[in-house]
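This briefing is for a reader new to the structure. Please look over the sequence and the model before reading the points.

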Amino acid sequence: MSLQSDVNIGIIDTSTSMILLPESVYDLFTYNVNETIFDCSGAYCYSPKNCSYAVNDTSNFTVYFDGEAYTIPPSGYLMDYYNGQEGCSMLISSLSDSYGMYVLGDTFMRNFYVEFDYKNL
């Protein structure tokens, strides 16, 4: 899944565990989620079934930096949980549009080799 947005600022943040999308983009994202598997009515999408069931019916997630595509397969942004019951969470949520940016946390970084260049900040 690839979403277009007027927001063109993003940060990579090691203290954020999820990928945070501006609310308007997140609304588009959840509109395209298979609602027979996931419930996206809360802060993030979840399914009462484990991720091995959901992974085949969920799209790739693509982010663009300077025209370069970074694609994350569903296995890279879905997480099984066992908090007294089995389920699957999407590690993508929303951030108020007023922030005007994307926040790419650990969910993004665990899928790519990330290098921080402190000399050229």
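The model is predicted: local features need pLDDT of at least 70, side-chain atom pairs count only at pLDDT 80 or more, and totals for chains, interfaces and linings use all residues. Residues are numbered from 1 along each chain as its sequence is written, and side-chain values use heavy atoms, with hydrogens and water left out. The structure holds 2 disulfides, and its largest nonpolar core has 23 residues.

**Terms**

- Helices (H or I, at least four residues) and strands (E, at least two) are DSSP runs, numbered from the N terminus.
- A residue is buried under 20% relative accessible area, exposed over 50%, and partly exposed in between (1.4 Å probe, protein chains only).

**Disulfides**

- A disulfide is a pair of cysteine sulfur atoms within 2.5 Å.
- C45 is buried, with a relative accessible area of 0%.
- C51 and C88 form a disulfide as well, with their sulfur atoms 2.1 Å apart.
- This pair links distant parts of the chain, as C51 lies in helix α2 (residues 51–54) and C88 in strand β7, 37 residues apart.
- About the S-S bond of C51 and C88 the torsion is about 100°, so the disulfide is right-handed.
- Both C51 and C88 are buried.
- Counting bonded cysteines along the chain, the disulfides follow the pattern 1-2, 3-4.

**Helix α1**

- In helix α1 (residues 23–31), the buried residues are V25, Y26, F29 and T30.
- Seen down the axis of α1, these buried residues fall within an arc of 135°, so they line one face of the helix; the arc is that of the directions from the helix axis to the C-beta atoms.
- An α-helix has 3.6 residues a turn, so residues three or four places apart point the same way.
- The cover over the buried residues of α1 includes β2 (19–22), β3 (44–47), β4 (61–65), β7 (86–95) and β8 (102–104).
- Y31, also in helix α1, is exposed, with a relative accessible area of 72%.
- Y31 and I11 are 20 residues apart along the chain, and their C-alpha atoms are separated by 24 Å.

**Nonpolar cores**

- A nonpolar core is a set of buried Ala, Val, Leu, Ile, Met, Phe, Trp, Tyr and Cys residues joined through side-chain atoms within 4.5 Å.
- In the largest core, of 23 residues, L21, F38 and F61 have the most contacts inside it.
- At least two residues of this core come from each of β2, α1, α2, β4, β7, β8 and α3 (106–109).
- A second, separate core has 5 residues, among them M18, L20, L91 and L95.

**Strand β3**

- The covered face of β3 holds C45 and S47, and the uncovered one holds Y44 and Y46.
- β3 and β7 run antiparallel and are joined by 3 bridges; two strands pair if DSSP finds at least two bridges between them.
- The bridge partner of Y46 in β7 is S89.

**Residue T107**

- T107 lies in helix α3 and is buried, with a relative accessible area of 0%.
- Beyond its neighbours within four places in sequence, T107 is in contact (heavy atoms within 4.5 Å) with S17, M18, I19, I72, G76, Y77 and L91.
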